[in-house]
Amino acid sequence: MTSHVPNEARVIPLRPRAERPEARPTAPRPTASPVPPERRPPTVREPLWRDLVGDVLRRERLEQERTLKEVAEAARISMPYLSEVERGRKEASSEVLAAAAGALGLGLGDLLARAQGELVRLTSRHTGAGAGRGTPGSRFDGMCLAA
């Protein structure tokens, strides 16, 4: 028996051609918030802890007029790693922070207290003049770190 049907597979698409993702026209998406941009409160980026600690380390090193190499050797940390910590690129462990602080003649508590003071100073500027440390409604009224 010979069939007169052409030797082609019959393909039934799962979706009609108009609904395929590549064929669909892109419509503008609605905005996530119905509030107009001019009425939205400005977004303030919270400072990162690693940036604050790095700034304190760098400031102290420069005040002592010491090079990155000198402090890194005294702390037994690689110079590139200490540089990245100072620039806020790396989240250093408490051991590394204690070593870097010790090389600068600071204790770990001194380093963290200075960073916390900087955090309060920066966030008080954004939250209003009366929102300093320990005032009612203050966002930051203390510091708690576990090492």
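## The overall fold

Helices and strands are runs assigned by DSSP, at least four residues long for a helix and at least two for a strand, and they are numbered from the N terminus. Read that way, this protein chain follows the pattern α-α-α-α-α. The count is 5 helices and 0 strands. The model is predicted.

The chain has 147 residues, and buried residues make up 24% of them. Now take the contacts with a separation of 6 or more: residues 24 or more positions apart account for 56% of them.

## Helix α1

Helix α1 covers residues 49-63, which is 15 residues. From first C-alpha to last it reaches 21 Å. That is close to the 21 Å expected at 1.5 Å a residue. Just after α1 comes glutamate 65, with a positive phi of about 55°.

Which residues of α1 are buried? They are Leu52, Val53, Gly54, Val56, Leu57, Glu60 and Arg61. Two of these names, Leu57 and Arg61, come back below.

## The nonpolar core

In soluble globular proteins, nonpolar side chains tend to be buried together. Here the largest nonpolar core has 23 residues. Val53, Leu57, Leu82, Leu97 and Leu111 have the most contacts inside it. The elements giving two or more residues to this core are α1, α2 (68-75), α3 (79-86), α4 (94-103) and α5 (108-127). Helix α5 gives the largest share, 5 residues.

Look at leucine 57. Setting aside residues up to four places away in sequence, leucine 57 touches Val85, Glu86, Leu97, Ala100, Ala101, Leu104 and Leu111.

## Where α1 meets α3

Two packed helices are described by the angle between their axes and the distance between the axes. The axes of α1 and α3 come within 7 Å and cross at roughly 115°. On the α1 side, the contact uses Arg50, Gly54, Asp55, Leu57, Arg58 and Arg61. On the α3 side, it uses Ser83, Val85 and Glu86. By class, the contact has 2 nonpolar, 2 polar and 5 charged residues.

Glutamate 86 sits in helix α3. Is glutamate 86 buried or exposed? Glutamate 86 counts as buried because its relative accessible area is 3%, and the cut-off for buried is under 20%. Beyond its neighbours within four places in sequence, glutamate 86 is in contact with Gly54, Asp55, Leu57, Arg58, Arg61 and Leu68.

Arginine 61 lies in helix α1. With a relative accessible area of 8%, arginine 61 is buried too. Which residues does arginine 61 touch, not counting those up to four places away in sequence? They are Arg66, Thr67, Leu68, Val71, Glu86 and Leu104.

## A glycine in α4

Glycine 102 belongs to helix α4. Why is glycine 102 called partly exposed? Its relative accessibility is 43%, so it falls between the cut-offs of 20% for buried and 50% for exposed.

Glycine 102 and alanine 75 are 27 residues apart along the chain. Their C-alpha atoms are separated by 7.1 Å.

How values were computed. Residues are numbered from 1 along each chain as its sequence is written. This is a predicted model: local features need pLDDT of at least 70, side-chain atom pairs count only at pLDDT 80 or more; totals for chains, interfaces and linings use all residues. Side-chain values use heavy atoms; hydrogens and water are left out. The expected span of a helix is 1.5 Å times one less than its number of residues. Buried means under 20% relative accessible area, exposed over 50%, partly exposed in between (1.4 Å probe, protein chains only). A nonpolar core is a set of buried Ala, Val, Leu, Ile, Met, Phe, Trp, Tyr and Cys residues joined through side-chain atoms within 4.5 Å. Contact means heavy atoms within 4.5 Å. Axes are lines fitted to C-alpha atoms, for helices over the stretch in contact, and angles run from 0 to 180 degrees between N-to-C directions. Ala, Val, Leu, Ile, Met, Phe, Trp, Tyr, Cys and Pro count as nonpolar, Asp, Glu, Lys and Arg as charged, and the others, Gly among them, as polar.
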